[in-house]
Amino acid sequence: VAVAILENTRSNQIVFYDKNGTELDVKLKTLIDEYGYPMDIGISPDGQQLAVAYIYMDAASMMNKVVFYNFEVGKNRQDRVVGIFMEYQNAMVGEVTFLGNEHACAFADDRVDFYSLKNALSPELAQSVTYDGRNILSVFHSDSHAGVVVEGDSSDSTRQLYVYNGAGQELFVKPVAMAYS
């Protein structure tokens, strides 16, 4: 399936399409006043789960949250929402992705959060990885792994490459000496 975000001034609609471009009977309407504006969406490989990073205003501050939807087991839940994570405060969540059907991750500007979706009705934050105040310069992922390149510390300008499995376990760290953009 493919997913599109359609917007107007008061709400957003998340619409699903099959591989031929035919609109499916799966739609989510989210009010901007209630959820915020969707920054990124990720869909599980089986097409049954959706993760959405929202940005919203709270007392004149930009805030972020990640919302998980499940279209199979979440049928009896309001708007099919199975989890809302509001830990981000003013950290910007720029990308969400699934790492298989049982894991997802959210890339924020100050950390990477790994979620367990083994209990489809109750996603859990499994691992949150921060980098001692260093900025994340770039992110990447495959269908089962995620990684980041982080700036060097004040004593060493060498960047660090971190790679994780879907559960958020660090697989390795490598220095990246070359500059890139």
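**Exercise 1.** In which sense do β2 and β3 pair, and over how many bridges?

*Solution.* The model is predicted: local features need pLDDT of at least 70 and side-chain atom pairs count only at pLDDT 80 or more, while totals for chains, interfaces and linings use all residues. Residues are numbered from 1 along each chain as its sequence is written, and side-chain values use heavy atoms, with hydrogens and water left out.

Step 1. Recall the terms. Strands (E, at least two residues) are DSSP runs, numbered from the N terminus. Two strands pair if DSSP finds at least two bridges between them.

Step 2. Apply them. The pairing of β2 with β3 is antiparallel and runs over 6 bridges. Within it, Ile-14 has Leu-28 of β3 as its bridge partner.

Step 3. The order β1-β2-β3 describes an open sheet of 3 strands with antiparallel pairing. Because β1 (2-7) and β3 (23-31) each have a single partner strand, they stand at the edges, and one side of each is left without a neighbour in the sheet. On average, neighbouring strands of this sheet are turned by 20° against each other, direction ignored.

**Exercise 2.** Determine the strand order of the open sheet of 4 strands, and state which strands stand at its edges.

*Solution.* Step 1. The order is β8-β9-β10-β11, and the pairing is antiparallel.

Step 1. β8 and β11 (124-130) have a single partner strand each, so they stand at the edges, with one side of each left without a neighbour in the sheet. From one strand to the next, the twist averages 15°.

Step 2. Examine one pair in detail. Strand β9 (residues 103-108) and strand β10 (residues 111-116) are joined in the antiparallel sense over 5 bridges. Ala-106 has Asp-113 in β10 as its bridge partner.

**Exercise 3.** How many salt bridges are there, and which residues are linked in a network?

*Solution.* Step 1. State the rule. A salt bridge is a side-chain nitrogen of Lys or Arg within 4 Å of a carboxyl oxygen of Asp or Glu. In general, side chains of opposite charge can pair when their charged atoms come close.

Step 1. List the pairs. Lys-75 is bridged to Glu-72, with the closest N and O atoms 3.8 Å apart. Asp-110 meets Arg-111 at 3.2 Å, N to O. Asp-113 also forms a salt bridge with Arg-111, at 3.3 Å, N to O.

Step 2. Join them. Asp-110, Arg-111 and Asp-113 are linked in a network of salt bridges.

Step 3. Classify the surroundings. Buried means under 20% relative accessible area, exposed over 50%, and partly exposed in between (1.4 Å probe, protein chains only). Lys-75 is partly exposed at 48%, and Glu-72 is partly exposed at 44%. Asp-110, at 33%, is likewise partly exposed, whereas Arg-111 is buried at 10%. Asp-113 and Arg-111 are both buried.

**Exercise 4.** How many aromatic pairs are there, and which residues do ring pairs link into a cluster?

*Solution.* Step 1. State the rule. Rings of Phe, Tyr and Trp (its six-membered ring) pair if their centres lie within 6.5 Å; planes under 30 degrees apart count as stacked, over 60 as edge-to-face and the rest as tilted.

Step 1. Count. There are 9 aromatic pairs.

Step 2. Study an example. Phe-16 and Phe-71 are edge-to-face, at 4.9 Å centre to centre with 75° between the planes. Phe-16 lies in strand β2 (residues 11-17) and Phe-71 in the loop between β6 (61-70) and β7, so the pair ties together parts that are 55 residues apart in sequence. Phe-16 is buried at 2% relative accessible area, and Phe-71 is buried at 6%.

Step 3. Phe-68 and Phe-98 are both buried.

Step 4. Name the cluster. Ring pairs link Phe-68, Phe-85, Phe-98 and Tyr-115.

Methods:
Axes are lines fitted to C-alpha atoms, for helices over the stretch in contact, and angles run from 0 to 180 degrees between N-to-C directions.
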